[in-house]
Every structure is written in C-alpha cells, then in structure tokens.
Amino acid sequence: MRFRRRLRLGNVPLLIGVDRVDYTKGIPERFAAVDRLLTLYPELRGTFTFVQVGAPSRVHIPTYRRLNEEIARQVDEINWRHGQLTWRPIVLLNQHFDTEQVVLLYRIAAGCVVSSLHDGMNLVAKEFIATRDDCQGTLVLSPFTGAARELTDAILVNPYAVDEFAEALRLALAMPPEEQERRMRRMRAQIEDNNIYRWAGMLLSEAGKLAGARQSVGELV
C-alpha cells in the first residue's frame, strides 16, 4: 500500500495513537508501555510498529515545547534500545494529518490506543470504531476517558500502570479475529445507538426537568 510505503511502515501490524501533543493525552505513558512490552517480550521485536500521529500543540509555551522535545527524545531512546536495521518500534509523525489520512490509518491499524490521563469524551476512540465496518481491530482505552463508560468492550487499562499497560498492548496484538469481531460489533452498536441526537435529547430533557423544578420552587415561595 502506498500509504505504508510513503511512511516506511512495512507490512507489520500497526498500533496507533492519534492526538495533539498535550499533557492530558498520556503519550509518554503509552511509549513507556511499548518500551516495557519489548523488554518483557523481546521476541516481539520486529513484529509490530506503534505509529503516533501527534500534531505539535502550543509550542510557543515553554512547557509544551519541552513536552514535544521530551517525547521526541523518548522515541529516539526506545528505537535505539529495541530497533533493528529496517524496523523502528515507534514511528512519530509530528505533523498534521487531514481527515482522509486519519481514516485510512484507522482502517489499516491492528489497534488504536487512547491513553488519556484526564479527558472528556475523547472522540478518537469512537472515530476508530466508526471506521471499522470490517469489525476488526482492537481498542485500548484509559478508564479516565468519558468514552470508557460506554465502550466496555475495549481493553481498559490504567495508563499509569506500565506493566499492566504493556500486557494490554500484547493482548491487543494477539487477540483472535473472532474475539475482535465480537467486541467491535458491540462497540459499533453502542456508538450507533448513543449518537448526537440521543445526546441532544438527553440534554434537553434534563434542562426541562431543571426548569420545572425551579418553577415549582418559585410557586412555593
């Protein structure tokens, strides 16, 4: 595939992360998990690649600029420690990807990792599921994301627990296709059912209840 060739990704399974570079996204933690995975299971070297799409964010702020530098240094160290002549365990794409490119990456990935330390809904998880009409692929998801409340068929893992995180990545790579399909079908049904229209309806319903309660209090006063 031209996309793989252009990014020099080879033909190995891909684990992916798609985030802007921010302290809340848990990017150093997921790289530490890749490092730990390859330390615990050196036989996995050369068998997969972790692709991180991370557009630089707020680099005019010194702390964010240092974060970008620290992430790049971490990737270099891990690639030096575990890499081989024609294989890098982590490919850091520190650039903006358009929607078409991101969708293509979602569709060819063996798994998507969303390891936010503190976040809202984190729509990357749902975007990944929505693109997988083949019902394949695995989702590794932090319990600190709002999406974790719905997507219970993801592999849920604490991003601070590096050994547990490493095992979650191993499970994502080793999960049989039949199990991937079972989980993905349930997650796709979940996001199809709980869409923006239902979310808007729930908000309006709650707002109506609140307005009714205030009116009742006013009448009592």
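A salt bridge is counted here where a side-chain nitrogen of Lys or Arg lies within 4 Å of a carboxyl oxygen of Asp or Glu. The structure is a predicted model, and a search of the whole of it finds 12 salt bridges.

| Salt bridge | Distance, N to O |
|---|---|
| Asp19 and Arg30 | 2.6 Å |
| Arg183 and Glu179 | 2.9 Å |
| Arg185 and Glu181 | 2.9 Å |

**Salt bridges**

The side chains of Arg185 and Glu181 meet in a salt bridge. Both residues belong to helix H7, and because they are four residues apart there, about one helical turn separates them. Glu181 has 30% relative accessibility, so this residue counts as partly exposed. Elsewhere, salt bridges with shared partners link Glu179, Arg182 and Arg183 into one network.

The pair Arg183 and Glu179 is also four residues apart in helix H7, which again means a separation of about one helical turn. Glu179 counts as partly exposed because its relative accessibility is 21%; the buried class holds residues under 20%.

A salt bridge also joins the side chains of Asp19 and Arg30. Asp19 is in strand E1 (residues 14-20) and Arg30 is in helix H2 (residues 27-40), so this pair ties together parts that are 11 residues apart in sequence. Both Asp19 and Arg30 are buried.

**The sheet**

Six strands form an open sheet with parallel pairing, in the order E3-E2-E1-E4-E5-E6.

Leu15 has Gly111 in E4 as its bridge partner. Strand E4 (residues 111-114) also pairs with E5 in the parallel sense, over four bridges. Here Val113 stands opposite Val140 of E5. On to E6 (residues 155-156), E5 pairs in the parallel sense over two bridges, and Leu141 stands opposite Leu156 of E6.

How do the side chains of a regular strand lie relative to the sheet? They alternate between the two faces. In E5, Thr138 and Val140 point one way, while Leu139 and Leu141 point the other way. All four of these E5 residues are buried.

**Helix H7**

Helix H7 has 17 residues, 177-193, and at 1.5 Å a residue it should span 24 Å; the C-alpha atoms at its ends are 24 Å apart, which agrees.

Which residues of H7 are buried? They are Gln180, Met184, Met187 and Ile191. These residues lie on the same side of H7 because the arc they cover around the axis is only 70 degrees. Glu178 and Glu192, on the other side of H7, are exposed.

What do the buried residues of H7 pack against? Their partners are helix H5 (123-131) and strand E5 (138-141).

Terms used
Residues are numbered from 1 along each chain as its sequence is written. This is a predicted model: local features need pLDDT of at least 70, side-chain atom pairs count only at pLDDT 80 or more; totals for chains, interfaces and linings use all residues. Side-chain values use heavy atoms; hydrogens and water are left out. The expected span of a helix is 1.5 Å times one less than its number of residues. Buried means under 20% relative accessible area, exposed over 50%, partly exposed in between (1.4 Å probe, protein chains only). The arc is that of the directions from the helix axis to the C-beta atoms. Contact means heavy atoms within 4.5 Å. Two strands pair if DSSP finds at least two bridges between them.
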